[in-house]
Structures are given as C-alpha cells and as structure tokens.
Amino acid sequence: MNTIAIPSKEVEQTAKTLLEQKSIHTMNLDELEILTQAIRSKILHTVSKNGGHLSSTLGAVELIVAMHHTFECKSNPFIFDVSHQAYAHKLITGRWDKFESLRTFGGISGFCNPTESSDDYFIAGHSSTSISLAVGAAKSFALQNTSRIPIALIGDGALSAGLAYEALNELGARKYPVIIILNDNEMSIAKPIGAISNYLSQAFASPTYRSIRTKIKKALSVMPESTSYLAKRLEESFKLITPGLLFEELGLDYIGPIDGHNLGLIISTLQKAKELKTPVIIHAQTTKGKGYEIAEGHFEKWHGVSPFDIQTGKSTKAPSTTPTPTQTFSATLLHAAKDNPKIVGVTAAMPSGTGLDALIDYDPNRFWDVAIAEQHAVTSMAAMAKEGFIPFVAIYSTFLQRAFDQIIHDVSIMSMPVRFAIDRAGIVGEDGETHQGLLDIAYLRAIPNMILFAPRDNTSLCKAIEFAIACDHAPSAFRYPRNAFMLPDNTFAQNEFSLGKAEILQSGKEILLIGYGNGVGRAWKCAKILEDNGLMPTLLDLRFVKPLDTQLLAQLLSTHKHAFVFSDTYYLGGVASAIIESLIQTPAKEHVSKITSFEVRDMFVPHGKGEIVEHSLGLDAQTLAQTILNHIA
C-alpha cells in the first residue's frame, strides 16, 4: 500500500535520539536518511489522528532536512511560504514530543508561528509572501553588514500570485544574497530533459562556468554585433535548455531542476548556492504525498485532510447526512447556472473547497479557477458584470481580504453587480489565526454601494443565492460557515430575502436576541436555555447588515429592556457596531444603551476544534445564556 514501509516506532526513537545527541549539521547522509524516514512516519501517524496538511508536507521532507543540515536557521532564517509544508521543520527544531498536539487547542500550530518557537521566523498562512519577506530580511542584513542569508521555500503554486513577482523584480535588480527553493510538485518535465538539465544546472553553478560566462559577457559587450551574433545565440541556447529563462531574465541565478528527494544532491546544491552570494533560485521537483502511495501525486483531497485510516486512506470522521453550506451553495448555483447561461463564477485555487469544482466540471467556459490570484479573480468578474453577466466570486473570508482594493476600486465605485460568496466565515477551527473568517463584515461594510446579507441555515442559503442572482444594481456579499449551520434546517418558516428587511422568528418580551447569519443559530440555542429558565425572548434574524432594517430595530428596542447581538465576526466594525451607528442618528438613539454584543473581541483567535475555541472565548450557548441571566438579574 505504501511506496516505503512506514518506519517502526523504534526508527522514530532512533531519529529522536539522533536529534537530541547530535547536531543535524554534523550528521552523515545515512543518518539524515534515517531522519527523513522517521519524520515521514511521525507526520503520517499524527495527521491521520489529528487531521492537517499532508501531501505538501510529506513532499518537502528532504528539502527541509537538507536546509537544516546546510544552514543554521537561527542566523539564516528559513521563510516558509504558507508554511503548511513545514511540519518537518517543527520536528527538527525541538517539537518532536509536542508534535502529537498538532492543531489541537493549546497545541502545536499547523503553520509557522514565532510565538510557538523562535526557530519560526515569520507567521504564515496565506501564500506568496516568502520572497518578499526574504528580500526585506536581506535588506536588513545588508544594513547590519552581516553575512546572513535568508532561505525561502516556496511552492510552484504560490508563483501564481503577483506578490511573488513584485519581490522577484526588486530582488533581481538589487542582487541581495537570497536563496529561493522552488518546490515544484505539479510541473512535469520529461526525463531526458530533466537529466540534461540536472547535469547542466550543476555545471552552471560551478565557479569555472560562472567565470567563463562572465568573461564571455564582457567580451560580447565590446565586440561588433556582427561577430558576436553566434556567441550570443550559443549562450541563449544554453539558457533555454533549462526552464529557468524567466528567472534569468529577472536577474536571478537559476539552478535546476533537481530531484527534490535526492538528499545528497539537494545538500550539494544548497552548498553551491550558499557560495554564490547572489540571489539564486533552486528548482526542486518533488512528489506530493511522497512515501504514502495513496496520497502521492496531484490529488487536491490530500492537501488538507481530516483524520483517516492509514492503511485504507479512508476518513475516520463519521459522515454527515446534512449537506454542508459549501455543498448547498455548489448544488444551488449549479442548478441555477443550468437554467441561466449568464451565470458565471470564479475561485482562487480552492475549487473543491468552495464547491466551484462541480460548476467547472459542468462548464469550464463559464466557471474558472484562476489559481492564487484573488485580486485578478475579483477584477475580471467586475468586467464580466459590466458585460451583462451574473458573476459569483467564491472565496474564503480570510483570502478575500487579499482583494480589498479591487473590491473597492474595480467593483464598488462603479457599483458593478458582482456577487461574493464568502465561505469559511466565522471561526474555522484548526487552521487558526491566519484563517479565521472574522473580518469580512468589517472590511466590506465600510465600502459604499455594498450590500451585505447572510443566511441562517441551508434552505435560507438557497434563497440567499436566488436573491444575489436577482440583485443586479449593486455588488453584494453573503457569508456562510465552514461546518454545518448551528440552526437546524427549516426550524422556522422560510421567506424570500427582501432588500434591507429583517425577520422576526419568534416573539417574546423584555429580551431581544438579534442574530446574523450563523449567529441566528447561536441566539436560538441561547433562547432555548432562557426558556428553560422561565423567560421568553424575541428572536430576530437580522438578515441584512447593510442596509439595516432600522425601522424594525427601533421598534423592537423600544419594546424590550435588553438586546443581545450574535454574529461570528469581530465586535469592532461588526454587527452590533452597525446597529449602533445606524440608530444613533435616529430618535431611537435613547435605546442604544440596551445593546450588548456577543461578538469576538479585539484579538487574533488561536487554532483548535471550533467548539473548544468558542468555549474559550465564552461564546458557547451555555456561557452566553448565563451571561444574559447575570446581566438582567
């Protein structure tokens, strides 16, 4: 079942002892090979129990072991792009015993985080930042007059984002000594070309070749064009043998492609790159899921996984009979797209994560994955809206942040009716600080022309999509959670969305519970506890946070003594803030003091299972209900 036998616990113990008793810098190749096998075993067993990122991190083991063997990361910082591939780095840097707590509340993060270890140079959870960080570090080292060299490890997919090229552009011009390891786990290069390139790339890195090349360039610069033509063509033909022409033209030295699982070759290549003292790209070809046959290759489902059985690869998570919000969005939009050829859509490197994969399969001429390019995704859909199409942009809340300027400049100023389907809104759990979807209301609510609304369950999500399709005069955005809605489907009768109108789900007295989106479910759970304590609260589904149903809110606040706001978002710039800002300008301002917000306070929310994280924040229904009881006592 496995391409290599999963090492025994004895092998893991041997590797752990090696790390404790011997510096990785002095280990021989045989010891390093034992270490790589044990690291794979540790990763595989831990992720199979805890869930996490698997295929990318298994594929990067040799690269990371070689980095640590060649460089001291405390002085030559390792900068991991996204950093979901950095599990081997964590194991090498003193977190072997703690690694079993991966992604659990209070345990090891699934990404690099300097608060966890000083060996983690920078926090990372979004892609394409590593080269820019490396350039900044290199500038600092130059000003400090030190010989430190930043080493960036970036996946080929991250080169689809513009930020990476902005950094490469400056680096090529300024020539700071930076080593960039391009982890190519998707491109396919034929074996003969690869073999020739491996040989030539090693030759290109040698002092002899570089000396000859420098002399040729100097000679060519003073020779008449007629006599230098053949020599120039000869040099260009050498460069074209490798796929590094782009990097060469940007002013960077290029080595590769090399076998990213040949430990000895990687080490010798890193040593040569270290001696160059120039910006250099090392192009390493790796296999995703290396060492675990079931996951080897380009299978998106093995990128991030829930707990699974190692022998079969099957998930051990109990299957849900209720569709997730993402599945509901996908099925509903697909049904609508079959009836309406004007509906189009885009996502940014998350086709299955957003459910857009089903629509791409249905019609790849109308639905696209543009890779890690959120800014381009948004702006391209603005043009499609202008041409009369009905565009949906399906992106996670945390990643949509990257296109903030485009939402303002290219969509909202001209009020282009682009529809934003914001997945993973709220607390997402194990991915932690960099992935929590808590900012979208704050950063979208301030934009003129933007309409913001949210469903409370799967059926209302279908109706939200119908409303978005019909909303053709302005940009709009609706948000929904990663996991099942807190409110069971169809707990309350369903009505169509009407612009700016809230909906009273149950009438009570004295206590008003205002829910927005998934917050309706949390408010409903609190209401049930309050009812057990002899209270009958009013439950309001706000539905729209922009525009607000100010008239109904003012009416309800005038007839209730207390009001509590529930929303999976930050308090600052959030739902309660919107309500207060709206009412403070009306005669209802005298009731504003009745409002209490149960939104997330001013902090970055750590990783962990969603329920545990919510309880730590005091946002579970039982704690909130008790807070209400204490408040009104």
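## Basis of the model

The structure is predicted: local features require pLDDT of at least 70 and side-chain atom pairs count only at pLDDT 80 or more, while totals for chains, interfaces and linings use all residues. Residues are numbered from 1 along each chain as its sequence is written, and side-chain values rest on heavy atoms, with hydrogens and water left out.

The UniProt record, an unreviewed entry, places the feature "binding site" at Asp156 and Asn185. UniProt positions are given in the numbering used here, feature names are shortened, and annotations may be inferred rather than shown by experiment. The two residues are spread over 30 residues of sequence, yet they cluster in space, with a largest C-alpha distance of 7.1 Å.

Asp156 is found in the loop between β3 (151-155) and α7; helices (H or I, at least four residues) and strands (E, at least two) are DSSP runs, numbered from the N terminus. Asp156 has a relative accessible area of 10% and is therefore buried (buried means under 20%, exposed over 50%, partly exposed in between, with a 1.4 Å probe and protein chains only). Asn185 lies in the loop between β4 (179-184) and α8 (191-204), and is likewise buried, at 14%. Not counting residues up to four places away in sequence, Asn185 touches Asp156, Thr286 and Lys288; contact means heavy atoms within 4.5 Å.

## Helices α6 and α7

Helix α6 (residues 130-144) packs against helix α7 (residues 162-174) at an angle of about 30°, with their axes 8 Å apart. Axes are lines fitted to C-alpha atoms, for helices over the stretch in contact, and angles run from 0 to 180 degrees between N-to-C directions. The two helices are therefore roughly parallel (under 35 degrees; over 145 is roughly antiparallel, 65 to 115 roughly perpendicular and the rest oblique).

The residues of this contact divide into seven nonpolar, one polar and two charged. Here Ala, Val, Leu, Ile, Met, Phe, Trp, Tyr, Cys and Pro count as nonpolar, Asp, Glu, Lys and Arg as charged, and the others, Gly among them, as polar.

## Helices α22 and α23

Helix α22 (residues 550-559) and helix α23 (residues 575-583) pack at about 90°, with axes 11 Å apart. They are therefore roughly perpendicular to each other. Their contact comprises five nonpolar, two polar and no charged residues.

## Loop residue Thr316

Thr316 lies in the loop between β7 (304-305) and α13 (325-339), and counts as exposed at 51% relative accessibility.
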